[in-house]
Amino acid sequence: MERRNFMRGVLAGGAAAAGTVPAVALAAGAVAATPGGDRAYMVGLLQKMADPVLANMAKGELKKKFALELSPTWDGRDPGVAYLECFGRLIAGLAPWLALSDDASAEGRTRKRLREQALQSYTNSVDPKSPDYLLWKGPGQTLVDSAYFTNALMRAPKALWEPLDAATKQRIIDEIKSLRRIEPPYINWMLFAAMNEAFLLSIGEQYDPMRMNVAIRKVNEWYVGDGWIKDGEAFHFDYYNSFVMYPMLVEILEVLAKANGPFWNGKPADLLAQAQKRMQRYGEHLERFISPQGTFPPIGRSLTYRTAAFQPLALLAWRKQLPASLPEGQVRAALASVHKAIWSEPGNFTKDGYLTIGFAGHQPELGDWYSNNGSMYIAASSFLALGLPADDSYWTAPAQDWTQKKAFSGRKFPKDYHVSY
């Protein structure tokens, strides 16, 4: 604990690099807040994650520069899947922030540079002549991370899809359609197939309604109540409701409802409203998981996805859909505390600035049989609220203590009861 506090003190006082957002860490690969506040801290941390990935991929050098780390229990699949995992998962979390308007601030200049690199990275990712052409013809894992790749384009179409040249757009469409060869198992993977079809629908391309609608039906069948969804036939007490189930279900339904797409014996708009309400309830549980110190329970699979456990809260904040029980200042303060608890630990980043396998630091033994350091970039999904501009009430509202912080200081806090929706 003393070492952690010392590191935070050192990092908080570190000077900003010239021309960058002033929240980048200067020691031990860790990041901590600077006097710029919660937003500056979050922007700086997201920039730290994105810089080495996008700078190198834009030059066609990600595969050359990104040294892979595989879980000790790696299952032997082609490790080349890691590059799509890295880029797809990063860009899905980064997209809302990249969609903000340009301005002359340090943040605005950084955002413009990263957006330009992201666009070139998309181009390289589907160009067979590029050294960074991704493993589209690879194993089933490709389907998983293609969904994050397309989710980003749905989250920021004007920033990331519309500026692409016609050849790149067609290559993306062709690669995504080719993944229909992969049959998803009846678990969270069904939503990856559905997300790709939702993307195609969103851009006016031919899509497969069955791959969307069956996934929606199965996820609703797996709902067990009080905001929790099973991942397949068995209930898992983990964060897959955060990693996949709620964000993808809601964003798929948003597209289907907007397009007034077909759904037998059901209305997409009603299904969307139900999913949003249930995600809000799940968000209430997530907020209560956050300790007074910002730590949270290390439960279940994929612990190494770190702060991605809080993607639903970040998504609700970005969409201005937080429930009345969760004021913006309370959620912002709680999430900032979570990020500091995780990302202030030494070892989260390599000396070259890439993420490592771990939960709070470098802990490769926590990797699952499918884990590589590219997988870790799903943590970027906890930064979705950066899609709100700096003057939005989410960032300007006074900070409020969250539930556990109130509870463990002897103050009043709301009780919690089961819901039936």
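These legends go with close-up views of a predicted model.

**View 1. Helices H11 and H12 side by side.** Here we look at H11, which covers residues 240–258, and H12, which covers residues 268–289. Their axes come within 9 Å and cross at roughly 155°. Anything over 145 degrees counts as roughly antiparallel, and H11 and H12 are therefore roughly antiparallel to each other. The crossing of H11 past H12 is left-handed. On the H11 side, the residues that meet H12 include Tyr-246, Pro-247, Leu-249, Val-250 and Leu-253. Among those that H12 brings to the contact are Leu-271, Leu-272, Ala-275, Met-279 and Tyr-282. Sorted by class, this contact has 15 nonpolar, 3 polar and 2 charged residues.

View 2. H9 spans residues 189–202, and its axis sits 9 Å from that of H11. The two pack at an angle of about 30°. Angles under 35 degrees count as roughly parallel, so H9 is roughly parallel to H11. H9, too, passes H11 in a left-handed crossing. From H9 come Leu-191, Phe-192, Ala-194, Met-195, Ala-198, Leu-201 and Ser-202. H11 answers with Val-244, Met-245, Met-248, Leu-249, Glu-251, Ile-252, Val-255 and Leu-256. By class, that makes 13 nonpolar, 1 polar and 1 charged residues.

**View 3. Zooming in on Ile-252.** This residue belongs to helix H11. Buried or exposed, which is Ile-252? Ile-252 is buried, with a relative accessible area of 0%. Leaving aside residues up to four places away in sequence, Ile-252 touches Leu-191, Ala-194, Met-195, Ala-198, Met-212 and Ile-216. Asn-188 is 64 residues from Ile-252 along the chain, and the C-alpha atoms of the two are separated by 13 Å.

**View 4. Two salt bridges between residues a few places apart.** Glu-61 pairs with Lys-65 in a salt bridge, with 3.2 Å between the closest N and O atoms. Glu-61 counts as partly exposed at 21% relative accessibility, and Lys-65 is partly exposed as well, at 36%. Arg-77 forms a salt bridge with Asp-75, and here the closest N and O atoms are 2.8 Å apart. In that pair Arg-77 is buried, with a relative accessible area of 16%, whereas Asp-75 is partly exposed at 38%.

**View 5. Asp-127 reaches Arg-171.** The side chains of these two residues meet in a salt bridge, 3.7 Å from N to O. Asp-127 lies in the loop between helix H5 (106–125) and helix H6 (141–155), while Arg-171 is in helix H8 (residues 166–178), so the pair ties together parts that are 44 residues apart in sequence. Asp-127 counts as buried at 17% relative accessibility, and Arg-171 as partly exposed at 33%.

Terms used: Residues are numbered from 1 along each chain as its sequence is written. This is a predicted model: local features need pLDDT of at least 70, side-chain atom pairs count only at pLDDT 80 or more; totals for chains, interfaces and linings use all residues. Side-chain values use heavy atoms; hydrogens and water are left out. Axes are lines fitted to C-alpha atoms, for helices over the stretch in contact, and angles run from 0 to 180 degrees between N-to-C directions. Helices (H or I, at least four residues) and strands (E, at least two) are DSSP runs, numbered from the N terminus. Angles under 35 degrees count as roughly parallel, over 145 as roughly antiparallel, 65 to 115 as roughly perpendicular and the rest as oblique. A crossing is left-handed if the near helix is turned anticlockwise from the far one by less than a right angle, and right-handed if clockwise. Contact means heavy atoms within 4.5 Å. Ala, Val, Leu, Ile, Met, Phe, Trp, Tyr, Cys and Pro count as nonpolar, Asp, Glu, Lys and Arg as charged, and the others, Gly among them, as polar. A salt bridge is a side-chain nitrogen of Lys or Arg within 4 Å of a carboxyl oxygen of Asp or Glu. Buried means under 20% relative accessible area, exposed over 50%, partly exposed in between (1.4 Å probe, protein chains only).
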